[in-house]
Amino acid sequence: MARARTPASPQRSSRPASRWRRRLIVTLQILIGLGVLALGALVIAVYIAKAQLPSYDQLKSSPNGQMIRVHAADGTVIVSMGPSYGEWLAGEQIPTVMREATVSVEDRRFYSHLGVDPIGIARSVMIRYERGRWIQGGSTITQQLARTVFLNNQKKFGRKFREWILSLALERKFSKDQILELYLNKVYYGGGAYGIDAASRKFFGHGADHLSLSEAAVIAGLVKAPSNYSPTADAQAAVGRAGVVLDTMVENGVISRAEADAANPQALKLAPEPQQNSVRYFTDWALPQLDTLIDETQAPLEVWTTLDLGMQRQADAAVRANAPAGAQGALVSLDRDGAVKAMVGGKDYVSSIYNRATQAVRQPGSSFKLFVYLAALEAGHKPEDSIVDEPVTIDGWSPRNDSRHNSGPVSLRTAFAYSLNTVAAKLGQEVGFTTVADMARRFGITTPVNTHPSMVLGTSEVRLIDMTRAFASVAQKGVAVTPYGITRVTANGQTIYTHEVDRSHVLVAPYVAAEMTDLLQTAVNTGTGREAQIGRPVAGKTGTTTSSKDGWFLGFSSGLTTGVWMGRDDARPIAGLHGGTAPARAFAAFMKPATANRPIEQFETQVTLPEWQLEPDEQSYFGAPDNGSSMVDEDGNPIEQATPTLPRPDGADGEQPTQTNTPPQQQLDDLIDRVTGRDAPREPLAAGRQPVQRDERPRDLQSGRQPPRDSRDRNRDDQDDRPTQ
């Protein structure tokens with residue numbers, strides 16, 4: 001009889017299940033153990049952090065970012081940079097609407113969580129999963145305070161974990177009201193404003209202790225994105241965000257719908273923005289130098305500068321009054337030790353922050369002949385040396401004088417006074433164009449200098465501040481002058497930097513500088529720079545570029561060296577612009593009051609008149625001094641063009657002297673009368689002369705960088721326009 005099969009033993013079938021059960025239990029036990037250890041570590045970390053936290057009073061006084069106050073030479077505060085702070089408002093001074101608006105929009109469970117809100121974190125993660133990007137953060141007010149005071153905004157887990165630890169520690173050490181008070185007085189609200197009082201004063205012109213509901217809604221809404229919701233940057237965005245705050249307050253039951261509707265943030269009136277003026281050109285140039293002068297990055301700084309506010313106003317007025325319509329202007333003035341007394345980078349800082357005094361690179365025209373003649377004088381030439389003004393060709397380049405005439409043998413003084421191009425070319429060829437370029441670099445030209453023959457006429461681009469520095473070094477008898485704007489810096493009452501002037505670097509021998517000054521005096525008194533006379537000894541040089549695109553005048557008197565440039569940002573021609581007209585007049589308009597309280601200083605060499613050269617064309621010198629002395633194409637060849645003229649009411653042509661049939665001796669007498677200050681009657685304007693119409697087309701003022709220039713003006717590779725330091 002067959003035996004029936006017996007079922008499998010129950011013990012045998014339950015073994016796998018019990019094995020997995022044991023593994024699960026062990027895993028749970030390990031996890032629980034790890035959790036307990038993690039919780040213990042967290043508690044220990046929190047209490048360690050709590051023990052290391054500053055006291056409440058220390059937190060109140062801790063700074064947020066570095067504040068910099070900039071002083072003019074007389075001590076006047078001209079600019080405050082970095083964070084601004086209002087009065088510290090105690091909890092009871094903060095309006096209820098401000099506290100409730102902040103809690104409603106930033107952390108509605110502020111009074112119930114322990115510093116970190118798990119519900120808020122979970123909601124943020126869910127929204128991230130649904131939208132595919134982070135839309136809403138889960139940070140509590142306590143976390144934001146910890147980040148503001150102790151951490152940064154890097155989005156890394158390590159930083160986030162430290163933020164959680166600090167938040168839990170803050171909640172253990174301080175009350176909710178203390179944390180909210182710290183937060184409202186320290187959080188960043190945009191525009192450099194830290195704390196609700198600074199924000200209220202910036203945007204509404206009064207302290208935060210008088211905030212209305214609508215004002216509180218605007219300020220509370222700024223924390224999420226201060227730059228996006230700033231009322232001064234985007235009023236509509238600020239109003240829209242304030243509406244979100246009011247709706248949230250209604251949802252939380254702290255205000256009624258009727259109160260929210262009555263708030264009307266759109267009707268708010270903002271405090272006017274402080275006026276920005278030309279002083280900012282100077283501070284924008286000077287302040288970046290702090291990075292190389294000092295190491296202090298935390299303590300508030302007091303920066304004392306060289307800027308003379310009176311001179312700055314005079315410089316601003318001189319540029320505005322004399323720059324042609326549609327043109328920009330720039331001016332730099334240096335004291336004998338290199339101190340920048342005035343700096344104007346454009347006609348209107350609000351319209352264009354681009355600093356044409358330190359950033360723009362433009363062709364200097366005949367003002368570059370300073371380096372040609374310095375090289376010639378150093379090589380042994382004297383102002384009285386004779387050189388033949390004659391047609392010359394160098395490597396296929398044939399420069400011509402603007403008068404289109406040659407005068408035969410002339411002295412260097414005469415050639416310089418009347419800016420004879422052929423003589424400059426011959427001198428450059430004699431001493432070597434590389435020598436001229438080296439001389440320019442020796443005197444502080446920081447931009448590349450080409451060595452094409454036409455470089456003697458100023459075809460390499462330069463910066464105004466560099467050219468002014470070069471002329472200042474000549475004025476200081478050949479000793480290098482380095483422009484500087486910061487005299488000393490203090491932090492917490494202690495001086496951490498003091499500028500020291502270096503007078504040890506000699507560029508040329510004193511006699512070479514004296515001979516160069518001799519030539520520069522002649523150019524102002526009898527040559528191309530007559531409009532720059534100010535009633536005391538002046539030495540200087542004009543410069544004009546192709547088609548009157550740039551006009552320069554640089555000169556010095558009574559220890560003050562000033563450079564002026566004028567032209568369009570897009571480098572288009574400006575009818576009638578020459579270095580001896582608008583730039584020279586701006587120079588005189590500035591220098592007369594700027595030197596008024598300075599003693600009159602005579603130069604080592606007295607003014608010597610250039611010799612009278614009688615030629616077939618008696619008007620060769622007087623016909624067109626420096627009337628676009630670098631009128632060459634991209635290959636350095638002269639450009640044929642008509643000579644523009646602009647009549648003046650007194651009968652003297654401001655752009656070029658009028659050609660007449662007056663006998664040579666009479667012209668010489670008139671010249672001497674003008675040099676010695678005796679006013680002699682001048683010939684009336686020649687019949688048929690018509691004034692040139694100025695270009696009054698609108699210019700581009702919005703670009704922060706120099707607009708691209710016509711490639712035909714370039715005789716070298718393009719260079720960048722980063723600011724000089």
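Modeller: Exposed means over 50% relative accessible area, buried under 20%, and partly exposed in between, with a 1.4 Å probe and protein chains only. This is a predicted model: local features need pLDDT of at least 70, side-chain atom pairs count only at pLDDT 80 or more, and totals for chains, interfaces and linings use all residues. Residues are numbered from 1 along each chain as its sequence is written, and side-chain values use heavy atoms, leaving out hydrogens and water.

Biologist: Why does Thr297 count as exposed?

Modeller: Thr297 has 52% relative accessibility, so it counts as exposed. Thr297 lies in the loop between helix H14 (290–293) and strand S5 (301–305). Thr297 and Gln66 are 231 residues apart in sequence, yet 6.5 Å apart in space, C-alpha to C-alpha.

Biologist: Why is H16 called largely enclosed?

Modeller: Nine of its ten residues are buried, so the rest of the structure largely encloses H16. Among them are Lys369, Phe371 and Tyr373. The cover includes helix H17 (412–417), helix H18 (421–431), helix H19 (433–442), H20 and helix H21 (510–525). After H16 comes Gly380, with a positive phi near 120°.

Biologist: Which residues of H16 and H20 meet?

Modeller: Leu370, Phe371 and Leu374 in H16 meet Met467, Ala470, Phe471 and Val474 in H20. Contact here means heavy atoms within 4.5 Å. By class, this contact has seven nonpolar, no polar and no charged residues. Ala, Val, Leu, Ile, Met, Phe, Trp, Tyr, Cys and Pro count as nonpolar.

Biologist: At what angle do H16 and H20 pack?

Modeller: They pack at about 35°, with axes 11 Å apart. Axes are lines fitted to C-alpha atoms, for helices over the stretch in contact, and angles run from 0 to 180 degrees between N-to-C directions.

Biologist: How do you know that S6 and S7 pair?

Modeller: Pairing takes at least two bridges found by DSSP. Four bridges join strand S6 (residues 328–334) to S7, so they pair. The two run antiparallel. Val332 stands opposite Met343 in S7.

Biologist: What makes S7 and S12 edge strands?

Modeller: Strand S7 (340–344) and strand S12 (539–544) each pair on one side only. The open sheet has five strands, in the order S7-S6-S14-S13-S12. Helix H20 (residues 464–475) lies across S6, S7, S12, S13 and S14, at about 30° to S13.
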